[in-house]
Amino acid sequence: MSAISTKTTAHIASLANLPLSEKEIQTLTPQLDSVVSYTTKTSQLNTDAVEETAQVTGLENIFREDEVDTSRMFSQEEALANARQTHKGFFVVPAVLEER
Amino acid sequence: MTFTPIIGIETHVELKTKSKMFCGCVNDPFNAPKPNIYTCPVCLGLPGALPVANKKAVEWTIKIGLALGCKIALFSKFDRKHYFYPDLPKGYQISQYDQPLCYEGRVKTEYGEVRITRVHLEEDTGKLLHQEVDGERKSLVDFNRSSVPLVEIVTEPDIHSAEHAKAFTKKIHQIIRYLDVSDADMEKGSMRLEANISVQTEEEKASNMLPSYKVEVKNLNSFRYIERAIHHEVARQSQIREKGEVPHQETRGWNDAKNQTFTQRSKESAEDYRYFPDPDLPPMRFTTVYIEAIRESLPILPDALVEKWTSAGVKPQDALILADDPKMVDVINHLLNHTDIDIAKIASQIVNKRILVDFSKNDVHQVVEKLLVDSKALSQTTAIDEAMLVKTIQEVFDENPKAVADYKSGKKQVIGFLMGMVKRKLGNIDTALLITKIDELI
Amino acid sequence: MLLDLSIHELNKGLDEKKFSSVELIEEAFSRIEQLNPVLNALITVREKEQVLQEARRADATRTEKTSVLHGLPFVLKDSYVTQGIQTTAASTILKDFIAPYNATVYQKLLNAGAILIGKANMDAWGHGASSENTDFGPVKNPWDTTRVPGGSTGGCAVAIAVRMCAFAIGEDTGGSIRNPSAWCNTSGLKVTYGRVSRYGCIAYASSFDTVGPMGKTAEDCAMVLEVIAGKDPYDATSSPHAVLAYGSAIQKPRPLVVGLPHEALGEGVDAEIVKGVKTTAALLEREGYTIKEISMPMLSYGVAVYYQIAPSETSSNLARYDGVRYGQGRDQFTDETKRRIMIGTYALSTGYADKFYHNALKARTLFIEAYKKAFESCDVLLMPVMPFHAPKLGELIADPLKNALTDALTTTQNPVGIPSLAVPIGFSSSGLPMGAQVVGPMFFEEKILSVGYRIQQLTEFHKKKPAL
């Protein structure tokens with residue numbers, strides 16, 4: 001059972017888009033390790049022939065019809081109302097350099 | 001050294017459903033007069049919002065899969081694909097991971113078959129623009145397109161030339177338009193293409209090994225770009241491999257003005273999307289009855305159509321051209337119902353634009369009637385007074401002494417020119433009569 | 001105090017014009033003004049004059065056809081979006097966030113004529129068992145203000161206990177309604193997954209989250225449940241299962257078989273709490289219930305399984321907080337929240353997902369089978385809610401693993417989706433409330449509520465109020 005290293009913590013933080021300081025990485029690592037290590041207790045269970053359960057509802061094929069629902073649509077003002085910065089109807093973010 | 005291009009194509013098609021994939025917002029991002037006017041809690045990713053899947057989008061994805069010869073999964077689900085980007089409101093895209101709706105299909109092209117790995121359904125992202133705001137470089141985000149239904153079609157790396165790639169993408173484009181599930185307009189962004197390109201050495205080919213890397217090329221907004229970009233990229237990669245090096249695994253864009261690809265994003269390490277089944281969306285289970293009903297509803301597809309028409313007598317090259325226009329399909333099929341017409345001739349007349357098909361009429365029967373009238377008019381000959389004919393032929397002889405001399409000296413084909421000159425003056429005269437008379441008088 | 005009355009009694013009083021909604025609101029505000037500065041139960045308190053106006057309107061429009069909740073003051077956990085009123089999830093990230101839409105549960109309560117008093121403090125994003133993981137100051141336990149009230153729905157339980165409202169809507173993902181109910185001497189219902197719409201409930205773990213009623217009694221919870229339950233076209237996981245008249249259904253006496261899982265009553269659980277549960281069982285037995293001792297070894301894996309799935313889902317659900325369309329930047333998450341996001345990201349990451357996330361989903365199936373087996377021989381199960389009494393402020397928040405283990409007895413029900421009702425069963429020797437939970441099969445809320453109702457007919461613990 002490998003412990004979580006600070007390198008792992010830094011990598012996970014970057015995947016999770018969490019800006020952490022060096023100090024935070026140092027503090028969080030043993031804390032994460034203690035909880036994660038505890039959870040490995042489940043390896044005591046025999047899950048070889050067991051199916052995963054992703055959903056407990058038992059529901060299937062829940063759809064909506066292809067219709068426009070104006071009752072939920074926002075005006076431009078409503079859509080932008082909580083944003084930190086807007087410009088001519090757009091949300092503004094720092095310039096994104098890398099394309100996706 | 002010879003290198004074999006190994007190419008796979010990824011196509012994204014925006015479905016033209018009325019509403020978005022997981023909410024009831026208007027699905028019309030391209031024509032929206034303003035940004036951020038077609039949003040709601042769901043497609044804006046507000047706290048507490050939940051998705052509900054658009055039934056029609058699922059049906060149309062299955063339709064596309066069937067049209068591409070795919071198997072349809074009897075059990076399927078949506079998964080969350082995680083990455084951070086400002087145009088992705090939830091920080092994850094609802095997509096499909098290991099149980100896509102359609103898989104293992106095939107598409108025929110004149111350069112060979114291309115296997116379809118999978119066809120799956122996901123939601124589109126918002127749109128990003130880059131602009132200066134108050135003197136600072138910023139990016140602007142518009143969520144009108146967020147959560148529009150998007151179908152992703154992925155091929156095996158079965159394509160080995162730029163021409164093959166172009167033919168394949170044209171085929172996909174044609175089929176999608178036949179199904180009438182998307183405008184598939186590359187300029188407007190309702191059909192987007194990416195190519196995964198690598199070049200295989202002779203040794204790799206001999207041992208049936210694919211290269212260890214691949215380069216993804218994006219921004220291929222037209223069939224022409226695809227061809228040029230692939231040519232360029234294959235050359236670029238071959239140069240690198242000639243030196244014994246391996247090209248970087250990365251994403252490149254195509255710059256048509258400069259005729260080159262350029263680095264967009266390094267893909268040294270594969271992205272970790274941390275897929276898991278979306279807990280907010282119950283899975284889907286289909287019966288074979290349901291799937292067969294969708295199969296029944298498929299229109300006759302381009303290949304089958306071309307075959308049907310050529311069997312009825314249409315020239316193959318005319319059939320291919322006519323089949324490319326979904327509007328024309330109904331017209332030609334209706335023409336085929338008339339047994340007493342020369343379908344090959346009429347088809348050619350349409351292709352050569354000697355008859356113009358008037359689509360302004362709503363009823364296909366009216367369109368066909370007018371078409372037949374126009375065709376007949378082309379073949380109709382004008383009744384002519386014998387004296388008038390003789391006089392006109394003489395006029396033409398006088399106006400064209402060289403042609404007459406040529407004809408007399410043995411260049412018999414000049415009669416075509418002389419006939420044309422007479423017809424110009426008199427209209428459409430019976431050809432046989434005209435030939436006889438000219439021959440007589442000359 | 002008027003707000004000591006049950007929902008049924010409040011309705012009677014209002015119908016008979018013994019008092020008015022205005023008076024209920026006045027009383028609620030008086031309690032808030034007096035006690036909220038001490039207990040910190042509410043993050044947002046609505047503007048009094050506006051609420052009074054709504055109360056006046058409620059009084060004027062009351063008929064014999066209006067809902068049982070018409071004109072009654074309630075509080076929402078601050079994880080439910082309310083149009084025009086701040087929703088923070090107790091995080092600085094959403095400070096000043098005004099949602100442009102209503103949660104379905106809120107809309108239903110508005111349609112029923114109920115009156116929102118305020119938004120309750122909680123562990124941010126649902127991450128906690130003590131209501132200390134909040135950017136708005138910790139909530140205090142009204143029974144001992146040096147101690148925590150439990151969490152994550154601490155604010156609601158406190159508000160009910162000190163009569164700031166007639167009922168509340170909480171949210172339970174791994175014990176968040178049941179835990180503070182037990183430590184504050186109130187009743188709270190974790191419903192069957194899908195029983196109540198989650199639309200507008202800020203998500204913690206999407207496949208565990210439940211929206212549930214909290215009140216002074218099981219009967220009150222039943223009456224609220226009737227109004228809020230039901231299928232919602234905006235929530236694809238909400239159930240089409242029929243909504244019963246829970247309020248009246250629970251009064252029917254039923255001689256049920258009550259199972260006592262011995263793993264929940266042994267090592268690791270405070271002796272007084274175990275005694276309290278056993279005494280309660282004995283009371284029920286005297287009333288004709290059959291008590292059966294059973295074994296459920298899977299129970300000891302609750303925390304381990306829960307803390308792989310819930311953080312995974314929360315790491316995903318919190319990805320939307322990027323400061324673009326609303327809210328502040330991701331550096332503003334508390335340490336506890338950062339930990340949970342990271343644990344979840346790790347459990348889902350390439351190379352670890354099979355060992356953690358996917359394996360936990362298999363263990364989940366084992367939980368489902370264990371409860372299925374238990375319910376073959378029992379109608380309901382009775383067990384403690386908490387393994388220990390309410391700790392002092394600062395104790396749990398300082399120790400991430402101890403904090404996680406607080407949920408030991410409440411983390412197996414959510415992965416399975418089954419309902420569980422927490423009710424008061426007594427006090428510790430130091431005067432701290434203790435609770436028991438009645439667990440039932442999916443969609444059998446009326447069974448567990450009927451047992452809770454019976455317990456509250458046989459005991460008076462739920463009537464006791466903190467001295468404040």
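Visitor: Leaving out residues up to four places away in sequence, which residues does Trp125(C) touch?
Guide: Touching here means contact, that is, heavy atoms within 4.5 Å. With residues up to four places away in sequence left out, the partners of Trp125(C) are Ala89(C), Ser91(C), Ile93(C), Leu94(C), Ile202(C), Tyr204(C), Leu318(C), Tyr321(C), Phe333(C) and Thr337(C).

Visitor: What pLDDT do local features need in this predicted model?
Guide: Residues are numbered from 1 along each chain as its sequence is written, chains are lettered from A and ligands numbered from 1 in the order in which they are written, and side-chain values use heavy atoms, with hydrogens and water left out. The model is predicted, and while totals for chains, interfaces and linings use all residues and side-chain atom pairs count only at pLDDT 80 or more, local features need pLDDT of at least 70.

Visitor: Is Thr44(C) buried or exposed?
Guide: Thr44(C) belongs to strand β1 (residues 42–45) of chain C, where helices (H or I, at least four residues) and strands (E, at least two) are DSSP runs numbered from the N terminus. Buried means under 20% relative accessible area, exposed over 50%, and partly exposed in between, with a 1.4 Å probe and protein chains only. Because its relative accessibility is 13%, Thr44(C) counts as buried.

Visitor: Which side chain is in polar contact with the side chain of Thr44(C)?
Guide: A polar contact is a pair of N or O atoms within 3.5 Å; within protein, one must be able to donate a hydrogen and the other to accept it, and residues adjacent in sequence count only if both atoms are side-chain atoms. Beyond four places in sequence, Thr44(C) is in contact with residues including Ile85(C), Ile117(C) and Lys119(C). At 3.0 Å, the polar contact of its side chain is made with the side chain of Gln86(C).

Visitor: Which residue of chain A forms a salt bridge with Lys338(C)?
Guide: Chain C and chain A bury about 4700 Å² between them, 67% of it on carbon and sulfur atoms, buried area being the accessible area (1.4 Å probe) that two parts lose on being put together, summed over both. Across this interface there is one salt bridge, defined as a side-chain nitrogen of Lys or Arg within 4 Å of a carboxyl oxygen of Asp or Glu. With the closest N and O atoms 2.6 Å apart, Lys338(C) pairs with Glu24(A).

Visitor: Which element gives the largest share of the side of chain A that touches chain B?
Guide: In this interface, 38 residues of chain A are in contact with 60 residues of chain B, and two salt bridges are found. One salt bridge joins Arg285(B) to Glu60(A), with the closest N and O atoms 2.8 Å apart. On the side of chain A, β1 (63–64), α3 (76–80) and β3 (90–94) give two or more residues, and the largest share, five residues, comes from β3(A).
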